[in-house]
Amino acid sequence: MSRTILGFPDGEGVSRYAASLFARLAKKAVWDRGVFHVALAGGATPRQTYEILSTPGFVGPVEWNSTQIYFGDERAVEPDHADSNFHLASEALLNSLRLHSSQVHRMAGERGDLNVAAREYEARLAKSFATKRDEGLPRFDLILLGMGKDGHTASLFPFTEALNEREAWVVRNEVPQLSTERLTLTVPVLNAARCVVFLVNGDDKAKALERVLEGPPNRIEFPSQLIQPSDGELLWLVDEAAAAHLTRRPEAPPSRESRE
Ligand code: 6PG
């Protein structure tokens, strides 16, 4: 696994870089395999990246027709609820694309029994990736993730059961600290991806970021430490405020020319 930490002056820098990386990885995946499988992050941080991807500079060049959109996690709400990760992604990006409904794989957070919803989503992944549990993990081309102030990612919260899941690809996770339940991809699926990208902005994330990136291994308290792709890239895109406590300065992003 290669881990790279890139620093940006602000959240817009993070979002612009994430959008162009998304486009580059989409191009490569479609060139290599004919399809781009990407899991979107929830929370507020990725919204700007999605909005940039919905602008003409990206709507054209990105191979949307060969793109399959999934979600890393979902809240226990209706898909049109303001807290829904699907709702956020739809408002900021999906509604401006003419994707066929079969290309967007939403997690059914509104279901009464999220265990059933988790199994349904796993079955959907098995169909899309033409694999199943005893044959191999679904291998995403790109997984976007955020990180909470407590060091959680997707809906893998500190001290919760889902942190130890090694069989299922998707689980219902009880989150007592929020008095709620969530749906989330599990660690084995996240770590099977070709590329995992964390987007982390703001000084409220600085303490946790320092613990996750430079602190002693403590995965149950800082679940973002669990994300270590076994055969893929791990990229942290962080702004200056979030990186304020880091002792090792993040690298400067490679210039556009060197990226092409
Ligand atoms: C969610 C996310 C979660 C998010 C972090 C950061 O559904 O809440 O998947 O893991 O990425 O909580 O959230 P913000 O970007 O809003 O700070």
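**The ligand and its pocket**

Analyst: The ligand takes up the space of the largest pocket. A pocket is an open set of points on a 1 Å grid over the protein atoms alone, where a 1.4 Å probe fits, with protein on both sides within 12 Å along at least five of seven lines; a molecule sits in it if more than half of its atoms lie within 2 Å of its grid points. This is a predicted model, in which local features need pLDDT of at least 70 and side-chain atom pairs count only at pLDDT 80 or more, while totals for chains, interfaces and linings use all residues. Residues are numbered from 1 along each chain as its sequence is written, and side-chain values use heavy atoms, with hydrogens and water left out.

The largest pocket holds about 530 Å³ of space, a volume filled by probe spheres set on the points, which are joined across faces, edges and corners. Its lining has 29 residues (each with an atom within 4 Å of a point), and Gly-43, Ala-44, Arg-75, His-152 and Arg-182 lie nearest the centre.

Around the ligand itself there are 15 residues (a heavy atom within 4 Å). The closest are Thr-45, Asp-73, Arg-75, Ala-154 and Lys-205.

Polar contacts are pairs of N or O atoms within 3.5 Å. A side-chain N or O atom of Lys-205 is 2.7 Å from a ligand oxygen, a polar side-chain atom of Arg-182 is 3.4 Å from a ligand oxygen, and a backbone N or O atom of Gly-42 is 3.5 Å from one.

Note on methods. A polar contact is a pair of N or O atoms within 3.5 Å; within protein, one must be able to donate a hydrogen and the other to accept it, and residues adjacent in sequence count only if both atoms are side-chain atoms.
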